[in-house]
Amino acid sequence: GVIELQPNIPVEGQEQGNKIFSFTMPGKGYVRFILKNKDFSEQSSGCSLSLYQERSVSGELSKKIDQSCWVGMGSLYETQYTACLNFSPNVPIYLQLSVPESLTEDGRGVKYELKAEFYPDSSWETEPNDDIAHATPLAIGKARHGTGYYSYDQDFYSFIATKNGTIKCSLSI
């Protein structure tokens, strides 16, 4: 059983192994996943969270989303936050909550809370925009936001000038 996360509604539980969740972007915007380890202590590591793009018919997860640039991810943190992510609307993302074997052997598992904080925003890039043919359009005076959510992600943007002149474009990372 895959548990479907709803935007901005936390799910609580106690896990002794691996649990799979899914989240589907309800529209343009971004999501940040937050995992709280309610049994956290300095002496024992807790649960961790991994994100995947696909799930096979047999239930196997594949195409892990690169988390190397995210801060505070892993079982050594009481609360884990992903980066601000913008996935395609109506396409599920899979989350695997994992508990170390040392905590499952004694049968107690880990209490957790998982939340998908969704922020609707029409200024976000439109995925997929990984090539010129699918470039996200830019407009004068309007900011666009985007996320490189895996190491090989490329984001293309396009602009059509309506008259001759100078255009200034800035990028903040």
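Q: What sort of model is it, and what are the ground rules?
A: It is a predicted model; local features need pLDDT of at least 70, side-chain atom pairs count only at pLDDT 80 or more, and totals for chains, interfaces and linings use all residues. Residues are numbered from 1 along each chain as its sequence is written, and side-chain values use heavy atoms, with hydrogens and water left out.

Q: What is the mean pLDDT of the protein chain?
A: The mean is 84, and 87% of the residues reach 70 or more; pLDDT is the predictor's confidence in each residue, from 0 to 100.

Q: And where is confidence lowest?
A: In helix α1 (residues 101-105), with a mean of 61, while β1 has the highest, at 95. Helices (H or I, at least four residues) and strands (E, at least two) are DSSP runs, numbered from the N terminus.

Q: OK, the sheet. What is the strand order?
A: The order is β1-β3-β8-β5-β6, an open sheet of five strands with mixed pairing. Two strands count as paired if DSSP finds at least two bridges between them.

Q: How many bridges join β1 to β3?
A: Two, and the strands run parallel, with β3 covering residues 18-24. Glu4 stands opposite Ser22 in β3.

Q: Switching to charges: how many salt bridges are there in the whole structure?
A: Five, where a salt bridge is a side-chain nitrogen of Lys or Arg within 4 Å of a carboxyl oxygen of Asp or Glu.

Q: Which residue does Lys38 pair with?
A: Glu12, with the closest N and O atoms 3.3 Å apart. Lys38 lies in the loop between β4 (29-37) and β5 (48-55) and Glu12 in strand β2, so the pair ties together parts that are 26 residues apart in sequence.

Q: Is Glu12 buried or exposed?
A: Glu12 is exposed at 54% relative accessibility, and Lys38 is partly exposed at 44%. The cut-offs are buried under 20% relative accessible area, exposed over 50% and partly exposed in between (1.4 Å probe, protein chains only).

Q: What about Lys36, which partner does it have?
A: Lys36 forms a salt bridge with Glu113, the closest N and O atoms being 3.9 Å apart. This pair links distant parts of the chain, with Lys36 in strand β4 and Glu113 in strand β9 (residues 110-120), 77 residues apart. Glu113 is buried, at 13% relative accessibility, whereas Lys36 is partly exposed at 35%.

Q: Which residues are linked in a network of salt bridges?
A: Glu12, Lys36, Lys38 and Glu113.

Q: Last topic: which residues of the largest pocket's lining are closest to its centre?
A: Arg144, Tyr157, Ser170, Leu171 and Ser172, out of 22 lining residues.

Conventions:
On a 1 Å grid over the protein atoms alone, a cavity is a set of points where a 1.4 Å probe fits but cannot get out, and a pocket is an open set with protein on both sides within 12 Å along at least five of seven lines; lining residues have an atom within 4 Å of a point.
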